[in-house]
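Please look over the model below before reading on.

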Amino acid sequence: MLTGKTTLVTGASRGIGRAIALKLAQAGANIVVNYAGSEAAASETVEQVKALGREAIMVRANVSDSEDVNEMFKTALEHFGNIDILVNNAGITRDNLLMRMKEEEWDAVIDTNLKGVFNCVKAATRPMMKQRSGKIINITSVVGVLGNAGQANYVAAKAGVIGLTKTAARELATRGITVNAVAPGFIDTEMTAVLPEDVKANLVGQIPLGRLGQTDDIASVVLFLASDSANYMTGQTLHVDGGMYM
Amino acid sequence: MADTLERVKKIIVDRLGVDESKIVLEASFKEDLGADSLDVVELVMELEDEFDLEISDEDAEKITTVGEVVKYIESHK
């Protein structure tokens, strides 16, 4: 389905990012595994991709730094010659109530989760415009549309990603590049593992399907958007959240 | 100069699909050659590759005519 396509996944060392990298590799894609800090985890993702018979390289880059991002794309292009699919998945949390949220906490989340997407979309646009094709998939979140107490920074960034997705979709449509978003609900990852049990139980109570999602639930939808099956879709946000937002 | 103009012309013909006779030094990309903003961004990208130079965003915004492109390339190569 994606045989020979080069895919760059940001934040691919763990969690949803790793699941996406492996899902797309299963479908035939070669993978650029971006990571910011977890080198050991990133190399594990690379090994798993290689075990599937695909090519993979790992590139360290802090997506909030445009120079890092440009270097990463340069490395990826030198190695693979093109970028067909970009998945903007890298994200962090610094939860706090608005009243207590420090400026640093706000900035850190906006820089990585929103500016990071801008930096990567901008860098990917050049090679994709030349190819006259490309698929960009941004990972946002259910809280970007619902809001969530204690996550003003994260919610603002994720809502921003939805607007960025629509704008990039409009700007790039005539060049054969589609830009869509996937909004996961609460997924069973290290990011949600830190939540206390009572908070988790309360969360599950809000999910019509009655369980946390698995990383593979998200990866499957990303695969769909990355494939030719989704050629006539752009600017959309697909909600994969067990029915939380409908 | 003549060589630069010829190479620039070829890129414009390929990218914008306009008749070569319309590509004169005074021609404005947007007003005379029917380019939209994204076309101009793409043209700049291709010129960078063709002439192996980097045109900063600030400079690129100032370039509006064929003559300005040729002049820019001549003074930066």
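This is a predicted model: local features need pLDDT of at least 70, side-chain atom pairs count only at pLDDT 80 or more; totals for chains, interfaces and linings use all residues.

1. Residues are numbered from 1 along each chain as its sequence is written, chains are lettered from A and ligands numbered from 1 in the order in which they are written, and side-chain values use heavy atoms, with hydrogens and water left out.

2. The unreviewed UniProt entry annotates Y154(A) as "active site"; such annotations may be inferred rather than shown by experiment. Y154(A) sits in helix 6 (residues 152-172) of chain A, helices being DSSP runs of H or I with at least four residues. With a relative accessible area of 10%, Y154(A) is buried (under 20% relative accessible area, 1.4 Å probe, protein chains only). Beyond its neighbours within four places in sequence, its contacts (heavy atoms within 4.5 Å) include I92(A), N113(A), S141(A) and M191(A).

3. In chain B, the axes of helix 1 (residues 2-16) and helix 2 (residues 37-51) come within 10 Å and cross at roughly 140°. Axes are lines fitted to C-alpha atoms over the stretch in contact, and angles run from 0 to 180 degrees between N-to-C directions.

4. L33(B) is in the loop between helix 1 and helix 2 of chain B and is buried, at 5% relative accessibility. L33(B) lies ten residues from I23(B) in sequence and 7.7 Å from it in space, C-alpha to C-alpha. Not counting residues up to four places away in sequence, L33(B) touches I12(B), L16(B) and V66(B), among others.

Note on methods
Helices (H or I, at least four residues) and strands (E, at least two) are DSSP runs, numbered from the N terminus. Buried means under 20% relative accessible area, exposed over 50%, partly exposed in between (1.4 Å probe, protein chains only).
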